[in-house]
Amino acid sequence: MSTLPAEMRALELKEYSEQPRLDLLQKKLPALKPGQLLIKISAASINPSDLHFLEGKYGIKKKLPVVPGFEAAGTVVAHRAGFRGSRLVGKRVACAAGAEGDGVWAEYAAIDQRFCFPLLNNVSDEAGAAALVNPLTAWAMLDMASERKARAIVQNAAAGALGRMLFRLGRRRGLQVINIVRRPEQAAILKGDGAEHILLSSDSRFERELLTLSRKLGATVAYDAIAGEATEQLSRSMPPRSRIIVYGALSGEYCRIHPGMLIFRNSSLEGFWLSTWMSEVSPSRLQKIARESQSLIGQELGTAIQARIPLSRGPEAVEQYRNNMSAGKVLILPGA
């Protein structure tokens, strides 16, 4: 630890708000707890979960003030994690911040070793900064569809980064994917990826077309990133005995669903949260999935990056991502 600086630069949130303020300041390097690694952050990504966290609308609220940021990549520089931790010192890793303590929008972060994953040699730090949240979510959700023996799946918000991953990875696994978007330009993005089944939710024939296509392809699992009216649309338009899995709330509204859809059609509504899934998967299996998903980062699990912004301009980075999430990830670079 003697070769490390005593302080670091970090972005800090003092109040949850719909117009959050982030301050750039100097902080002491985090003191490591047992089981933690100290990561020198190379690049940190901004995800929808980060925006919800800043507003106080995420599944967890941390004690304030706090450094935000859930996902990053960097190099392990110190540890209190036994033999495995010692082997990781000097290695590049993708990492995810936990439910307590500071996050990764800083020059250094203390991360639980369970949520640090060595990067393959051909995966850059920038790609590694987006190697967990979306790729692991897509992987987990497709595993859920396989467990339910679905021959096809339905997803809305399909032109977003995660939606495109879900489609490409599903196609690789031999699953048909019905992709729902709101606008023609989003449909064009998916057509460019080779998607065949694309529906516009604004079309007057949308629900009838979704029901017909779902029955034809055997789509009995749907992934809802929007909530609100979108949940009700899916419930009305899916075959009986379908499962609707809510993993986002882009509409900012409560899920709407008529009880008759659950009672008389034997359908179900459930939720998915990556944090819960990661905590329930065995450490060895999680490491294996992370390695396998990294091997697809240049292909099915690739992530477009729209901007790379220094830590000193963190508030600008958050605002740029908020205003145009479909354009790709915005990365915060502490070393720039």
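Helices (H or I, at least four residues) and strands (E, at least two) are DSSP runs, numbered from the N terminus.

1. Basis of the note. This is a predicted model, in which local features need pLDDT of at least 70 and side-chain atom pairs count only at pLDDT 80 or more, while totals for chains, interfaces and linings use all residues. Residues are numbered from 1 along each chain as its sequence is written, and side-chain values use heavy atoms, with hydrogens and water left out.

2. Backbone geometry in general. Most residues other than glycine have a negative phi, and most peptide bonds are trans.

3. The cis peptide bond. Leu-64 and Pro-65 are joined by a cis peptide bond with omega of about -5°, and Pro-65 is found in the loop between helix H1 (48-54) and strand S4 (71-79).

4. Ala-227. Although Ala-227 is not a glycine, its phi is positive, at about 65°; the residue is found in the loop between strand S11 (219-224) and helix H8 (229-237). Ala-227 is buried, with a relative accessible area of 2% (buried means under 20% relative accessible area, exposed over 50%, and partly exposed in between, with a 1.4 Å probe and protein chains only).

5. Asn-266. A positive phi, near 55°, is also found at Asn-266, a residue other than glycine, in the loop between helix H9 (259-263) and strand S13 (268-271). Asn-266 is partly exposed, with a relative accessible area of 46%.

6. Ile-189. This residue lies in helix H6 (residues 184-192) and is partly exposed, with a relative accessible area of 31%. The C-alpha atoms of Ile-189 and Arg-164 are separated by 9.0 Å, the two residues being 25 residues apart along the chain.
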